[in-house]
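Visitor: I have a protein chain open on my screen and I'd like to talk it through. Can we start with its contacts?

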Amino acid sequence: MKINVEKMLEYQASDQVIYKAEQAFASSSESKRYSQILSKLNELKTAVIKSDKEAADIRKDIEKRETQLGESGRDLEKRTAAMSGEKSAEEIAKNEDTLRQFEENLDRAEKEFARSVKRLEEIEREAKHALIEIKQCSADLEKSKAVLQKKRSEMQAELSDEVKRRKELQAELRPEELEIYKKVRKENIRLPIVVEYVSGTCRGCGMHVEHDLRGKLNESGDAAECPNCHRILYIK
Ligand SMILES: [Zn+2]
């Protein structure tokens with residue numbers, strides 16, 4: 001394709017000023033701080049959800065164990081009641097076994113129960129602590145957001161002339177020129193995206209692309225896409 005190299009470069013120069021300011025804003029300490037606080041807040045919230053789930057699981061487990069224990073207690077009662085008055089040595093031994101087993105189960109259940117209760121208390125303490133942290137973190141986030149908004153407004157004010165200029169320059173481009181520029185720009189390729197093609201090499205990525213572009217770039221104003229980095233290559 002053919003492009004008006006001079007106008008494209010002028011437009012790009014203006015776009016680049018705005019791009020650089022936006023990049024500087026995105027990597028500013030204020031932006032970084034905001035992202036850090038935001039990710040910390042999300043981490044805290046995820047942790048709270050996780051421990052909520054753990055607590056619910058523990059409670060369910062306790063309930064289940066209580067039911068099991070109740071059943072086995074009733075079982076024991078039934079057996080005891082069913083015992084005949086005249087007990088054989090074998091019967092006595094069997095009953096003692098059952099009783100011992102029940103006591104063992106009870107003992108184990110009590111230990112597990114104590115462990116579960118301890119963990120539940122821990123979770124509760126952690127949750128309380130996490131809620132305080134979340135509150136603090138949310139307040140920090142609000143503050144950081146306000147700082148960032150102020151910085152953004154300042155940047156926008158500083159750039160307003162350049163934005164106006166870019167708009168004017170954009171109006172001077174042909175629709176197909178603007179379209180290809182915007183298409184490449186959307187790909188998040190580092191500016192400049194309109195670069196010179198010199199001795200078969202793309203000035204954007206440094207690749208030798210003569211073979212791929214054979215016949216496409218012959219005279220001044222010719223433009224083609226770099227097959228490697230997708231920038232717009234032109235001949236002066
Ligand atoms: Zn390239």
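Visitor: What share of the contacts with a separation of 6 or more comes from residues 24 or more positions apart?

Guide: In this predicted model, residues 24 or more positions apart account for 72% of the contacts in the protein chain that have a separation of 6 or more.

Visitor: And how many helices and strands are there?

Guide: The protein chain has 4 helices and 4 strands, and along the sequence they follow the pattern α-α-α-α-β-β-β-β. The radius of gyration is 37 Å, well over the 18 Å that the globule rule gives for 236 residues, so the protein chain is more spread out than a compact globule.

Visitor: What box do the C-alpha atoms fill, then?

Guide: Taken along the principal axes, the box is roughly 115 × 45 × 25 Å, and buried residues make up 10% of the 236 residues in the protein chain.

Visitor: Switching topic, which domains are assigned?

Guide: The domain assignment gives domain 1, covering 23–160, and domain 2, covering 178–234, and the C-alpha centres of these two domains lie 57 Å apart.

Visitor: Now the strands: does β1 run parallel or antiparallel to β4?

Guide: Strand β1 (residues 194–198) runs parallel to strand β4 (residues 232–234), joined to it by 3 bridges, and Val194 stands opposite Ile232 in β4.

Visitor: And how does β1 pair with β2?

Guide: That pairing is antiparallel, over 2 bridges, with β2 spanning residues 201–202, and here Tyr197 stands opposite Cys202. The two strands form a hairpin with 2 residues between them, and Ser199 in the turn has a positive phi of about 45°.

Methods: Residues are numbered from 1 along each chain as its sequence is written. This is a predicted model: local features need pLDDT of at least 70, side-chain atom pairs count only at pLDDT 80 or more; totals for chains, interfaces and linings use all residues. Two strands pair if DSSP finds at least two bridges between them. Domain bounds come from an automatic or database domain assignment. The radius of gyration is taken over C-alpha atoms; the globule rule is 2.2 Å times the number of residues to the power 0.38. A residue is buried if 20 or more other C-beta atoms lie within 10 Å of its own, exposed if 12 or fewer, and partly exposed in between; C-beta atoms are placed from the backbone. Two residues are in contact if their C-beta atoms, placed from the backbone, lie within 7 Å.
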